[in-house]
Each structure stands twice: as structure tokens, then as C-alpha cells.
Amino acid sequence: MARVFTAGFESGDGSEFTSTTGSPLVKGSLSRSGVFGGGFTSLTTGEKSFIKNFAGSDTLNEHYFRFYIKISAYPSVTTLIWALLDSTSNIACQLRLDGAGVVGIYDNTGGLVGATTTLSSGQWYLVEVRHNGGTGTLEWKVDGTVIMTTTTASLANIRDMRIGANMSAGTATTASIAYDDIAINNTTGSVDNGYPGSTPGTRTRPLLNRGLRPHPFSPGLAR
């Protein structure tokens with residue numbers, strides 16, 4: 001198996017992640033599937049993020065990343081919404097969202113790589129990224145459509161994934177963003193060794209409040 005991490009926030013408290021910064025929310029109103037989703041409904045200056053050490057130590061090896069995002073309010077200024085970092089918190093790759101919904105991917109020099117795309121407010125999008133620091137391969141997709149691909153990106157070691165906003169001393173305010181159904185694959189094994197792909201977006205009733213838990217194979221849980 002090459003699936004190294006999956007999170008649908010069904011813990012109800014973000015404990016699937018290694019740590020958090022700035023007290024991001026985990027609540028039902030942010031959910032795409034299952035009971036809970038993560039994110040924030042308002043934003044002030046300073047980072048709000050969920051952090052996952054998915055590799056254990058710095059690596060250049062190829063990884064594939066998935067998350068779903070719904071933007072209800074755009075940020076006041078451009079902000080980092082997703083990033084890959086090394087063990088000393090140097091940013092190797094990042095996605096930035098501006099105040100008009102335009103998203104682009106940036107390499108470890110902070111330079112924009114290839115085309116951008118615009119995410120409309122009020123709907124869920126599937127975002128996937130391929131990162132190979134050894135070959136310089138960088139690609140990202142939205143709802144299965146490739147936005148940009150290159151084999152000459154300036155990339156570096158990665159160990160951690162952060163998802164949220166205002167990483168790297170960001171100053172955006174007013175944003176409201178939800179995340180759900182996150183997954184990370186590497187290239188080992190014979191299955192789950194490429195893009196994670198889509199997952200059903202079925203909401204489940206809040207069974208946890210009645211002392212019950214969704215079945216582990218429910219379509220409302222991240223795969």
C-alpha cells in the first residue's frame with residue numbers, strides 16, 4: 001500500500017494531523033463528506049493551519065496529494081492555502097489564493113510555475129498535486145483537469161504538509177475556507193501509488209452525537 005495519509009476530520013478535533021497552528025476549526029458546517037470538515041469561517045492576521053509530518057524525514061521522493069476545498073469568502077490579500085515544507089519549515093512548494101479566487105502553484109524560489117486557475121465561491125473543488133524533488137516534476141490538477149505540468153521546477157526536500165491560510169507570516173483577513181477528504185500517496189507498492197483521485201461527497205448524519213460512529217466503509221469517509 002502506498003497510501004501514507006488520509007484525513008476526513010472524522011476525529012472531530014483534528015487529531016489525525018501532527019499538529020495545528022492558530023486554532024483552525026473542525027466542525028460539521030465545514031464538511032463535504034462524513035460528519036466533520038476543517039478550515040475556518042473567519043480569518044485574522046496569522047497562520048491557521050493543519051500540519052502533517054507524512055514522510056518522517058526530509059525526502060525528494062515523489063508524492064501525490066489530494067484535498068477538497070470550498071471557498072465561501074475570498075481573502076483580503078493573497079494567502080498561502082497549501083504548502084509542502086522540509087524539517088526546518090522551509091517552503092518547497094505552495095498554492096496561493098488571491099482575493100479574486102485565482103490560484104497558482106509556486107516552487108521553492110517563490111516563483112509562479114505555469115498557469116493559474118480561478119475557483120468560484122460556494123462550491124467544492126478537488127485539488128491534486130504531484131511533487132518529485134529529485135526530477136523537478138511538478139503538476140497540479142483541479143477536478144481532474146491538469147492546470148500545469150513541468151519537469152524543470154525548482155524543488156527541494158519535503159517532509160510536512162500544511163493546509164489552511166496565512167502561512168509564512170500571511171496577513172489576509174475575511175476569508176472563509178473549508179477543507180475535507182485529504183490524502184497523500186507515495187510511489188511504493190502496487191496500489192495507491194499515483195494520484196489519490198476523487199472520493200464520494202456524501203454527507204452522513206452526525207451519529208457521533210448519539211454515541212455511534214459511521215461504518216468504516218461508509219461513502220462519507222475519506223478514502
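Reader: Over which ring does the charged end of Lys141 sit?

Author: Over the ring of Tyr195, 3.8 Å from its centre. A charge sits over a ring here if NZ of Lys or CZ of Arg is within 6 Å of the ring centre and within 35 degrees of the ring normal. Arg96 gives another case, lying over the face of Tyr106 at 3.8 Å from the ring centre. Before we go on, a word on the model: it is predicted, so local features need pLDDT of at least 70 and side-chain atom pairs count only at pLDDT 80 or more, while totals for chains, interfaces and linings use all residues. Residues are numbered from 1 along each chain as its sequence is written, and side-chain values use heavy atoms, with hydrogens and water left out.

Reader: Thanks. How many helices and strands does the protein have?

Author: There are zero helices and 15 strands. Both are DSSP runs numbered from the N terminus, with helices being H or I of at least four residues and strands E of at least two.

Reader: In what order do the strands of the open sheet come?

Author: The general idea is that strands of a sheet pair through backbone hydrogen bonds, either parallel or antiparallel. Two strands count as paired if DSSP finds at least two bridges between them. In this structure, seven strands form an open sheet in the order β2-β5-β14-β7-β8-β9-β10, with antiparallel pairing. Since β2 and β10 (117-118) stand at the edges, each with a single partner strand, one side of each is left without a neighbour in the sheet.

Reader: Over how many bridges do β5 and β14 pair?

Author: They pair over six bridges, in the antiparallel sense. β14 also pairs with β7 (residues 79-85), antiparallel over four bridges, and there Asp160 of β14 is the bridge partner of Leu85.

Reader: Which way do the residues of β14 point?

Author: In a regular strand the side chains alternate between the two faces of the sheet. For β14, Asp160, Arg162 and Gly164 point one way, and Met161, Ile163 and Ala165 the other way. Six of the six residues of this strand (160-165) are buried, where buried means under 20% relative accessible area, exposed over 50%, and partly exposed in between (1.4 Å probe, protein chains only). Across the protein, buried residues make up 52% of the 223 residues.

Reader: Where does Ser49 lie?

Author: Ser49 is in strand β5 (residues 48-53), and its bridge partner in β14 is Gly164. Ser49 counts as buried because its relative accessibility is 0%. Its side chain makes a polar contact with the side chain of Glu47 at 2.5 Å. A polar contact is a pair of N or O atoms within 3.5 Å; within protein, one must be able to donate a hydrogen and the other to accept it, and residues adjacent in sequence count only if both atoms are side-chain atoms. Contact in the plain sense means heavy atoms within 4.5 Å. Beyond its neighbours within four places in sequence, Ser49 is in contact with residues including Thr20, Pro24, Ile163 and Met167.

Reader: How many aromatic pairs does a search of the whole structure find?

Author: It finds nine. A pair of aromatic rings is described by the distance of the centres and the angle of the planes. Rings of Phe, Tyr and Trp (its six-membered ring) pair if their centres lie within 6.5 Å; planes under 30 degrees apart count as stacked, over 60 as edge-to-face and the rest as tilted. Phe9 and Phe50 have ring centres 5.0 Å apart and planes at 65°, so this pair is edge-to-face. Phe9 lies in the loop between β1 (3-7) and β2 (19-21) and Phe50 in strand β5, so the pair ties together parts that are 41 residues apart in sequence. Phe54 and Phe65 are also edge-to-face, at 5.4 Å centre to centre and 80° between the planes. Ring pairs link Phe54, Phe65, Phe67, Trp82 and Tyr179 into a cluster.

Reader: Which residues have the most contacts inside the largest nonpolar core?

Author: In soluble globular proteins, nonpolar side chains tend to be buried together. A nonpolar core is a set of buried Ala, Val, Leu, Ile, Met, Phe, Trp, Tyr and Cys residues joined through side-chain atoms within 4.5 Å. Here the largest has 46 residues, and those with the most contacts inside it are Ile69, Trp82, Leu95 and Trp140. Not counting residues up to four places away in sequence, Leu95 touches Phe67, Val103 and Val127, among others. The bridge partner of Leu95 in β9 is Ile105.
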